[in-house]
Amino acid sequence: MNMMPAAPVWGDMIRPDRVRGALYRDPAIFELELEHIWYKTWVYVGHESEIANPHDFVLKSIGLQPIIMSRGGDGQVHLLLNRCTHRGNQVCPKEKGNSPMHTCPFHAWNFGSDGKLLGYAFPEGYDGLDKSKHGLGRVPRVASYRGFVFGSFAADGPSLEEHLGGAAETIDRLCDNAPEGEIEITAGFLKHRVKANWKFILENETDGYHPAFVHSSIFSVADSAIGGLYGAKSTALTRDYGNGHTELDLRPEFRKRDQMLSWFGTTPDRLPDYVAKMNSAYGEEKARKIMIDGTPHVMIFPNLFIAEIQIFVIQPLGVNDSVQHVTALQFKGAPDLNRRMRQQTMGSVGPAGFLLADDSEMYERTQRGIQAHDTDWVFLGRGGHRERRDADGFIVSHATDEVPSRGIWKHYRSLMERA
Amino acid sequence: MIATLADSDLRHAVEQFLFREARLADEHRYEEWEALWTDDAIYWAPANGDDIDPEKEMSIIYDNRSRIGVRVRQLLSGKRYTQDPRSGLRRIIGNIEVLGREGDDVRVAANALVFESSQRGETVWASRNEYTLRRTGEGFKLARKKVALVNNDRALYTMSFII
Ligand code: FES
Ligand SMILES: [Fe+2]
């Protein structure tokens, strides 16, 4: 184990084109990340459609902290700490459900779906306990963008819109692919655990260099056009939106093909209902553009990965222990496409997935690899000489370049140094 | 008496088939394992409970016959890194019960305990399995296998071998 100085000198550990392995290995750094990233910045928690009705709830987390995402009787979304204000017991043990009330099993204190303390057992034992001061703790800032609910433990700071910045457009782009302009999360999550640091996952999500190798087995046996997107000749782009958000922009390849639904590996005649609904929702011209471009492949820092047809939520459990929660995206008003998105998601991701079982293997092998210190540099310089700015001023480069990793680490450093 | 004998013959044949299937999976004999399946096969490992609707909710594995073929070809490709090196595997199939028969199909349930050794470490997988075996001219074939892991509602490590 590394001995950490009292305050790490981040500039010694993070350079523009390389970072130290200790950042993935050192438990003391993990503790600092909880404080300065997970318990400060905006973190994705869940989607509003998971708690569609009043009093619906679902258990979530921010960093190591257990959260109840709950919809109050008035329809408002609350992020409540799943910790009884009496003596700290876990208030809600159930993964999800609907209840106007959560009763702590330890001494039967009662909390409403809005977190307010409603009552407690044997009240004569308290000399006038002020209920309004003993409601469940809550994440101080809650904000939602197109149904995606984020929480921040910082009482003030940048707004969610400021945090998302240019990456907000990728969420709009995703929702545009739904005939009714909304996505839903309804199919339940696969939970995939890896013995690896969460940042290996974060960086891999928009790494366009690895698919040609790590996923060559599935590209070679399945009838798939994905492989070509990540070749040396690809016109797809890596992009750094700032604030740690990164994208693999596959649109240049899809526009070259100029085929509707080619992004999904299919053709309009296979999904006639979806295409008809898109045409009537947007008009044929715009619908055609949307269906050529497809959905984004974008990593919203630090934990929401929108991967074309599914979302992944990264949960850190320890310096070398992480979980990826993954489920199929579902488009409101598109049952035929939704079914196929579920089928493809089940095939490709999760513990037995054609893709993710190999990605997870790489996370764990890299975690073992960086136990060897050597110079301790992880080299992230690929494509530095050919980066450029796109029309919006964001850094872009070839699909296989390490623009995303450099962008992530730049933001990481700024968060850690601000501390 | 004859019925009893037939039942015990059936039971023996069922056990022999399940033990063989287990051994082929343990020993990574993918082509022989794939040959056990019928054309309408379903290979299913549900998530978040044992009785979910796989047509609506996520499963860990929900393979039809053609996807079983893809799974096997991927394992045989030589580039399925998560199984290269391969997991060391041995499993026990026990508590076998013949639940019923319908035409040529026999429904069977059993408990399974799989020990996996991989670079990540050692993992024990426990499940309730349900099988539909179909009688054919060449003996039993596997029409359906459901693997209900006892911890399928929790975060699971990579499970890239044949469960
Ligand atoms: S800890 Fe919850 S009521 Fe006592
Ligand atoms: Fe990958």
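These are my notebook entries on a predicted model.

**Ground rules.** The model is predicted, so I noted that local features need pLDDT of at least 70, that side-chain atom pairs count only at pLDDT 80 or more, and that totals for chains, interfaces and linings use all residues. Residues are numbered from 1 along each chain as its sequence is written, chains are lettered from A and ligands numbered from 1 in the order in which they are written, and side-chain values use heavy atoms, with hydrogens and water left out.

I then looked up the angles. For reference, the ideal angle for four tetrahedral donors is 109.5 degrees.

Buried means under 20% relative accessible area, exposed over 50%, and partly exposed in between (1.4 Å probe, protein chains only).

**Entry 1: strand E17 of chain A.** Helices (H or I, at least four residues) and strands (E, at least two) are DSSP runs numbered from the N terminus. Strand E17 covers residues 297-300. A:His297 and A:Met299 point one way from E17(A), A:Val298 and A:Ile300 point the other way, and all are buried. In a regular strand the side chains alternate between the two faces of the sheet.

Two strands pair if DSSP finds at least two bridges between them. Strand E16 (residues 245-249) of chain A is joined to E17(A) by 2 bridges, and the two run antiparallel; A:Thr246 stands opposite A:Met299. E17(A) also pairs with strand E18 (residues 304-307) of chain A, in the antiparallel sense over 4 bridges. There A:Ile300 stands opposite A:Leu304.

A hairpin of 3 residues joins E17(A) to E18(A). In the loop between E17 and E18 I found A:Pro302, and the peptide bond that joins A:Phe301 and A:Pro302 is cis, with omega about 0°.

**Entry 2: other backbone details.** In chain B, the bond from B:Asp84 to B:Pro85 is cis, with omega near 5°. B:Pro85 is in the loop between helix H3 (65-76) and strand E3 (88-102) of chain B.

A:Asn243 has phi near 55°, and A:Asn243 sits in the loop between strand E15 (237-242) and E16 of chain A. At 31% relative accessibility, A:Asn243 counts as partly exposed. A:Asp374 has a phi of about 45°, and A:Asp374 is exposed, with a relative accessible area of 74%.

Entry 3: The search uses a 1 Å grid over the protein atoms alone: a cavity is a set of points where a 1.4 Å probe fits but cannot get out, a pocket is an open set with protein on both sides within 12 Å along at least five of seven lines, and lining residues have an atom within 4 Å of a point. Grid points are joined across faces, edges and corners, and a volume is the space filled by probe spheres set on the points.

The second largest pocket holds about 1200 Å³. Its lining has 48 residues, and A:Leu59, A:Glu95, A:Lys191, A:His325 and B:Asp153 lie nearest its centre.

How many cavities of 30 Å³ or more are there? The count is 5. The largest cavity has about 100 Å³ of space and is lined by 13 residues, including A:Glu361 and B:Arg120. H13(A) gives the largest share of this lining, 3 residues.
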